[in-house]
Structure formats: structure tokens, C-alpha cells
Amino acid sequence: MTSRTPTEQEIYGRRGRLITDHDANKISRIEELAYELKVHDVMTADMHTASPDMLMSEVLDILRINRISGVPVLQDGQMVGILSLEDIVRAMQKNELSAPVSQYMTRSLITVAGYDTIIKALQAFTDSRLGRLPVIDENNKLVGVITKGDITRGFLTALQRDYKEEEVRRYRASHLFEDIISDRTTLVLRYNIKAHDFIRGGNASSHIKRALLRLGADPQVARRCGIAVYEAEMNLIIHTKHGGILKLEMEPHRITMSTTDDGPGIPDISQVLQAGYSTASEQVREMGFGAGMGLINIKRCVDKMDIESTVGKGTKLTMRINLPIENSNTHKDK
Amino acid sequence: MNLAKIIKLANGMLLTPDLDIDIEIRGGYGADLMSDVLAFSQPDSVLLTGLTNPQVVRTAQMAEFRAIILIRGKQPQPETLSIAAQENIPLISSPYGMFELSARLHKAGLPSFESNDI
């Protein structure tokens, strides 16, 4: 096995110090975007330029008419300098607006590359104290200009795009059943539940509830489904030998949830349907479960519950919630 | 009642410092039996409980609690804390016992949310 010294980036992360999970949670979308967006995503490509032999007064006109504060200076397609309003002010002070651009332009060129990240451009702005920076490509050819205003605009556009994408995703999910035409459209979610995995107990139910809400289910229906599958999921974790499968089948008019396992099976089903009947261990009771209320809770939440079981073979629990056709108003039994 | 006020009344410590506590809590519910919580609670309330395992957060999430207060100064298991942070459910530890804390919150005007409706 080879070993190497980790890079500074790996040790200190991108903000110059160790980044913990705690920090990672705090990184905002804007900060992410500063690393995701590239200079060429936000720069102005269609820019005004000047040439070294133009007169300062001519450039002043370009700046004034286009309401910009500086231009790159090009000679035969190569960038040779940058001229800003400040340079023009200097020329005006000396009454030399008829001087050529080459006399006043800034020659020390700070540039950014199109493929640089926004964070790099922001650093260049801070270091150089300039308001605009020329953007070059791999061949050092000028391809655009970037200002801090471009960056702000870029952020706003990207944030709006994020927002729209989430909207579109929600829209697509909630119109799934309208958009797909078949004689019977069913969406099936399937989760493998491990026996005695108390740490992850409830994860599947949590995913199911989120999926239902995204699919546009009524919040009340999502709550009833969530509670029913959560009790059922915990039953698989608490009582089965090898865990089982939790399945949710969604159709336009109903939601069918089920759990199947391969044992141990229930000797007397009428017994487990009595409130307070429990076979749970002391450990499970300490966790707040095993009070003999699970199936009764499920029954309260769903429109129909069926339980089939064979000792030594396994148990199948089926739960069904009917959805109102057409309108999405709260539908509740009783 | 604002959660920040509830934390004050509970003399509580917020264990999930990154989560927003400027949220409205409509009522309170106390139980150590998760099935009871699932069966009898109403959404948008605060859960008072002596349990500290991850299932407390999952249960709270399913039953749509906005916050959880662990009574008698109990500290959560690490997984409980991480799930709470992930699911955006503020976790608070209060030195008071269940009866004392329920009484304090109720007296200050937080309604009881124990009911038979799902």
C-alpha cells in the first residue's frame, strides 16, 4: 500500500480550515454556487473593445453611450490592456483626451479564465480591487468581460433555476397519473426491512411519506399512510426472524400498503388484534413500542386491513386507503 | 405559542442549534409510548417524552410534531440527534419531569393536544 501526504485542500477543506459535517450543513446554496458556476456562465461575451490607437475621447463616448465603466484594449485580436473610466479621468485632468489609448491604458493584466470558478473570480476582484476583469480562453484569447454585477446576476439566475427545477419535479410527480395513459397505472415502492435494525427503523416510512407528498397526496392521507406503514415497519423490525418487505402500491383511486415476512407467523390472529396484547421483549418495550397497540393503530388509519399468517411460514399484512376520485379533498372514514 | 418561548418555560437546552426555533407550536402532548403518540396526537404540537432513541424522532415525524422535549435532563442517543437535525425537528432537553413540564407549559397557555382524532 502506498501512502502520500494529503494535500492542503484535503486537510483544510476549501475554506482554509477543517470542514466538519456540522460546517457542511451550514454551507449555503450561494456558497455552493460560487464553486459550481464558472466564469463563462455569467460573463458578458458580447463586449465593447477599444484599440491602442483610438483616442481617449472616442473611448469616453463608447463608455458613456453604453453606460459601462471600462473596456479591454485589443490589438490584432490580442488583448494588450484595459482602459477604465479612471484612466479617462486622469487624461481629462491633464486635458489630454486627444491622446491615444495606449498612453493611458493599464498594461499589467489581471485576467480570469472562462473555466475558472466564480469563487476564483471573486478572489481576483478582491486582490486587484478592480471592478471588471477580462476573461480569456485556453489560448489566452479574450472571450469576455466579467463584473461583480455579472456575478450577482448569475447567482440570481441560478437560484431561480433551482427553484423552477423543484417546481417542475413536483409538477411532474403530481401529474404522473394524468400524464401516463394505461388501463391500469400503478406506482410501486418497495423497501427491504431488516430484522432488529432499530437504528434505521422508520426510514422506509419516512421515504414513503415524502414520496406521497411529492406525488401530491392530501397531507391527511399522507399522515394516515405514514403512521400505518411506520407501525407495520416497526412490526417487521421487532417481530420477524429475517425482516421482510414493505411495499406501497399507488393507484389513482387507492393506496395499498403491505408487509410480507417469512416468520415466525402468528398463531392466533384474533389475539393480536386485541388492544394491549403483546409478545414484545422488555428491550422493545423500553423503546416505547410493544404495547400491543400497533395493529389497532393501523386499523384506525386505513380503510381496510387484512392479515394472513401461517406459523412457521410467515405473515402478510395488507392495508388499503381509498382515495377520492377527481377532487383531492380530505377523505376520512367514520 | 412560539417554540423559543416554550424552551424558556421549559428551562430547556436546544440540542439542535442549527434548527429554527422561531416556529409556532399549537399544542402539547406527553407520552413514553410511541403507539399512543401515533394514535392520539394532533399535528403541529410539541412532544414531551422520556425516550431518547431514534424512533422518537421517526414517530414525531410521522405524527407531524414540530419539536421534541426530552424530560428530566435526558440526553439523546447520537443517532437520535442526527435524525432530528436531518428531519428538521428541534430537540430540546429540559430538567423538569413530565408532570412538572406539562403543568408549566399548560399554565402558560399551551393547549393539550391529546385527542382521539387521527
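Two strands pair if DSSP finds at least two bridges between them. Helices (H or I, at least four residues) and strands (E, at least two) are DSSP runs, numbered from the N terminus.

The model is predicted: local features need pLDDT of at least 70, side-chain atom pairs count only at pLDDT 80 or more, and totals for chains, interfaces and linings use all residues. Residues are numbered from 1 along each chain as its sequence is written, while chains are lettered from A and ligands numbered from 1 in the order in which they are written.

**Exercise 1. Describe the open sheet of five strands in chain A and the helices that pack on it.**

Step 1. Begin with the pairing of β8 (residues 254–261) and β10 (residues 314–322) of chain A: these strands run antiparallel and are joined by seven bridges. Within this pairing, Met257(A) faces Met319(A) of β10(A).

Step 2. Place the strands in order. The sheet reads β6-β7-β8-β10-β9 (chain A), with antiparallel pairing. At its edges are β6 (187–193) and β9 (304–310) of chain A; each has a single partner strand, so one side of each lacks a neighbour in the sheet. From one strand to the next, the twist averages 10°.

Step 3. Axes are lines fitted to C-alpha atoms, for helices over the stretch in contact, and angles run from 0 to 180 degrees between N-to-C directions. Two residues are in contact if their C-beta atoms, placed from the backbone, lie within 7 Å. Helix α11 (residues 203–214) of chain A packs on the sheet and touches β6 and β7 (244–250) of chain A, its direction making about 165° with that of β6(A). Helix α12 (residues 219–239) of chain A lies across β6, β7, β8 and β10 of chain A and runs at about 5° to β8(A).

**Exercise 2. Characterise the packing of helices α8 and α9 of chain A.**

Step 1. Take the geometry. Helix α8 (residues 118–128) and helix α9 (residues 148–174) of chain A pack at about 150°, and their axes are 11 Å apart.

Step 2. Classify the angle. Angles under 35 degrees count as roughly parallel, over 145 as roughly antiparallel, 65 to 115 as roughly perpendicular and the rest as oblique. Therefore α8(A) and α9(A) are roughly antiparallel to each other.

Step 3. Identify the residues. Ile118(A), Ala121(A), Leu122(A) and Phe125(A) of α8(A) make the contact with Lys148(A), Ile151(A) and Gly154(A) of α9(A).

**Exercise 3. Is Leu101(B) buried or exposed, and what does Leu101(B) touch?**

Step 1. Locate the residue: Leu101(B) belongs to helix α5 (residues 98–107) of chain B.

Step 2. Apply the criterion. A residue is buried if 20 or more other C-beta atoms lie within 10 Å of its own, exposed if 12 or fewer, and partly exposed in between; C-beta atoms are placed from the backbone. Leu101(B) is buried, because 23 other C-beta atoms lie within 10 Å.

Step 3. List the contacts. Beyond neighbours within four places in sequence, Leu101(B) is in contact with Ala10(B), Leu48(B), Ile69(B), Ile71(B), Ser94(B) and Tyr96(B). Of these, Ile69(B) is 32 residues from Leu101(B) in sequence, with a C-alpha to C-alpha distance of 9.5 Å.

**Exercise 4. How many residues does each chain give to the contact between chains A and B, and which elements of chain B take part?**

Step 1. The contact takes 24 residues from chain A and 19 residues from chain B.

Step 2. On the side of chain B, α2 (34–40) and α3 (54–62) are the elements that give two or more residues.
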